[in-house]
Amino acid sequence: MISNAQKKQEEIQELLSRLVMFRDFGENSILGNIAETLGSLSDGSAAPSIVTGKLSTEVHRLLELSTAYALRDNLWQGYLTYLLLMNENPLSLTLEMRRDELHGDAEGAADRGSAVKFAREDMKIFRKLFFYDFSSVEEQLGIRLFSAITNYHAIPKRREMYNRRASDEINLMRSRLEEAARIPDEEQATEAMWAILEEGYRANGVGYFGLNRVFRTERKRDGIHFLPLSNISEVHLDDLIGYEFQKKLLRENTEAFVSGHKANNCLLFGDSGTGKSTSIKALVTEYQDKGLRMIELYKHQCRDLAGVIGQIKDRNYKFIIYMDDLSFEEDETEYKYLKAVIEGGLETRPDNVLIYATSNRRNLIRETWNDTNDLELDKHHSDTVQEKLSLVQRFGITIGYVRPNQKDYFRIVTELAAKHPEIKLSEAELLREATKWSVSHGGMTGRAAQQLIDHLL
């Protein structure tokens with residue numbers, strides 16, 4: 001005779017087996033492992049102590065995920081919501097691709113008819129998972145793991161320690177899905193849950209690119225992986241004092257790009273500490289709501305460019321591949337990969353990808369005296385020079401950032417200080433400090449000005 005506890009333990013496996021559209025949660029998923037572990041408890045293939053250890057491991061992983069995204073209240077429901085937002089299936093990817101269209105358009109509804117039926121049936125299963133009762137399992141094992149995470153009060157984190165936007169999206173979506181799931185009528189509840197989820201896919205997309213805005217990449221055995229960055233500074237172009245012409249060019253090109261018009265790759269060059277990197281980082285803050293995403297690549301990853309672009313070219317986002325402090329020594333050849341991707345390879349660069357780079361060198365590749373020596377005996381001297389210049393010529397827009405003069409430097413310092421009333425120095429005292437600071441910190445630059453303000457604070 002099967003007990004009610006055994007039926008409950010087997011139920012979660014049975015529920016997952018009926019999923020169609022939302023069945024792929026990746027290898028080693030928390031949900032899949034919990035279902036398998038409860039199954040082993042039900043059929044007696046694992047001792048209670050082993051089951052307790054495995055469940056504790058999965059709850060620990062769930063707590064780590066919840067900490068990374070600052071999930072709150074019901075962590076079990078938050079995790080299920082995270083799975084739904086991350087699930088890249090044929091329907092969610094289609095909705096992402098059509099997220100700029102009107103919600104509920106007749107043509108789109110006809111195209112997605114059968115797929116939506118599967119999705120709505122899957123919502124019935126997730127509705128049951130949302131309110132899954134683990135009490136019989138906890139009673140049998142003498143634990144309170146699940147009771148704790150369904151009413152969880154986290155230690156508040158500093159806002160800069162996690163991806164605030166992703167956290168807000170997951171927590172808000174969880175709250176809306178829970179409210180819809182509580183509708184007594186099953187058909188109405190699942191219809192409401194799917195409508196909320198569909199709206200989310202259309203508004204924000206799906207997967208890592210939907211939840212996150214900034215990425216680095218890592219090459220592993222099975223290919224290139226995207227690593228979302230959570231601790232990113234939210235700066236705006238207006239936070240950079242001066243450089244109005246440079247910011248105007250950068251804005252115009254980026255706005256054309258995110259609006260679906262033709263745009264150019266950009267090279268920001270000039271003195272260090274003048275705000276080149278800040279200008280590019282600010283673009284994510286200003287244009288993320290228009291689908292802009294940024295992927296940071298290092299110089300040694302140039303050979304990964306084609307692979308990165310191959311993974312993002314069919315997504316409905318605009319990607320800026322950001323390469324900071326880009327320069328090459330004479331014996332380095334990685335720039336050839338960059339040349340081929342920007343312009344020159346057989347495959348054209350997709351319309352949703354641009355490359356923005358910063359460099360202290362105008363021509364990116366170190367030039368030697370031999371490059372300008374008229375007595376150079378190399379018969380192909382001009383070819384050598386053109387080879388070095390050809391990379392920078394592939395950037396359609398080059399924007400120069402020069403070191404500010406003393407007047408502009410003092411203006412930057414005073415305007416930055418004005419944002420912090422706790423700095424009590426008079427203007428004369430502030431400028432004396434600014435002058436002394438510049439002598440020992442690389443000259444009069446915007447970076448030195450910001451470092452001075454940080455020091456005073």
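In strand β6, V353, I355, A357 and S359 point one way while L354, Y356 and T358 point the other way, and all are buried, buried being under 20% relative accessible area with a 1.4 Å probe and protein chains only. Because 7 of the 7 residues of β6 are buried, the strand is largely enclosed by the rest of the structure. This is a predicted model, in which local features need pLDDT of at least 70 and side-chain atom pairs count only at pLDDT 80 or more, whereas totals for chains, interfaces and linings use all residues. Residues are numbered from 1 along each chain as its sequence is written, and side-chain values use heavy atoms, with hydrogens and water left out.

**The chain as a whole**

- The protein chain holds 21 helices and 7 strands, which are DSSP runs numbered from the N terminus (helices H or I, at least four residues; strands E, at least two).
- Of its 457 residues, 49% count as buried.
- Among contacts between residues at least 6 apart in sequence, 79% join residues at least 24 apart, a contact being heavy atoms within 4.5 Å.

**The sheet around β6**

- An open sheet of 7 strands has the order β2-β1-β4-β5-β6-β3-β7, with mixed pairing; two strands pair if DSSP finds at least two bridges between them.
- β2 and β7 (397-401) stand at the edges with a single partner strand each, so one side of each is left without a neighbour in the sheet.
- From one strand to the next, the twist averages 25°, with axes fitted to C-alpha atoms and angles running from 0 to 180 degrees between N-to-C directions.
- Strand β3 (residues 266-270) runs parallel to β6 and is joined to it by 4 bridges; C266 stands opposite Y356, and the bridge partner of L268 is T358.
- β5 also runs parallel to β6, with 5 bridges between the two, and Y322 stands opposite Y356.
- Helix α14 packs on the sheet, touching β1 (214-220), β3, β4 (292-296), β5 (318-323), β6 and β7, and its direction makes about 150° with that of β6.

**The largest pocket**

- The largest pocket contains about 990 Å³ of space. A pocket is an open set of points on a 1 Å grid over the protein atoms alone, where a 1.4 Å probe fits, with protein on both sides within 12 Å along at least five of seven lines; lining residues have an atom within 4 Å of a point. Its volume is the space filled by probe spheres set on the points, which are joined across faces, edges and corners.
- It is lined by 30 residues, of which F25, G26, M86, E88 and Y208 lie nearest its centre.
- The elements α3 (48-68), α4 (75-86), α12 (208-211) and β2 (223-228) each supply at least two lining residues, and the largest share, 5 residues, comes from β2.
- The lining divides into 14 nonpolar, 9 polar and 7 charged residues. Ala, Val, Leu, Ile, Met, Phe, Trp, Tyr, Cys and Pro count as nonpolar, Asp, Glu, Lys and Arg as charged, and the others, Gly among them, as polar.

**The second largest pocket**

- The second largest pocket has a volume of about 720 Å³, and of the 28 residues that line it, L240, G275, T278, R447 and Q450 are the closest to its centre.
- Two or more lining residues come from each of α14 (276-287), β6 (353-359), α19 (406-418) and α21 (446-456), and α21 gives the most, with 5 residues.
- This lining divides into 7 nonpolar, 13 polar and 8 charged residues.

Notes:
Buried < 20%, exposed > 50% of the residue type's maximum accessible area, 1.4 Å probe, protein only.
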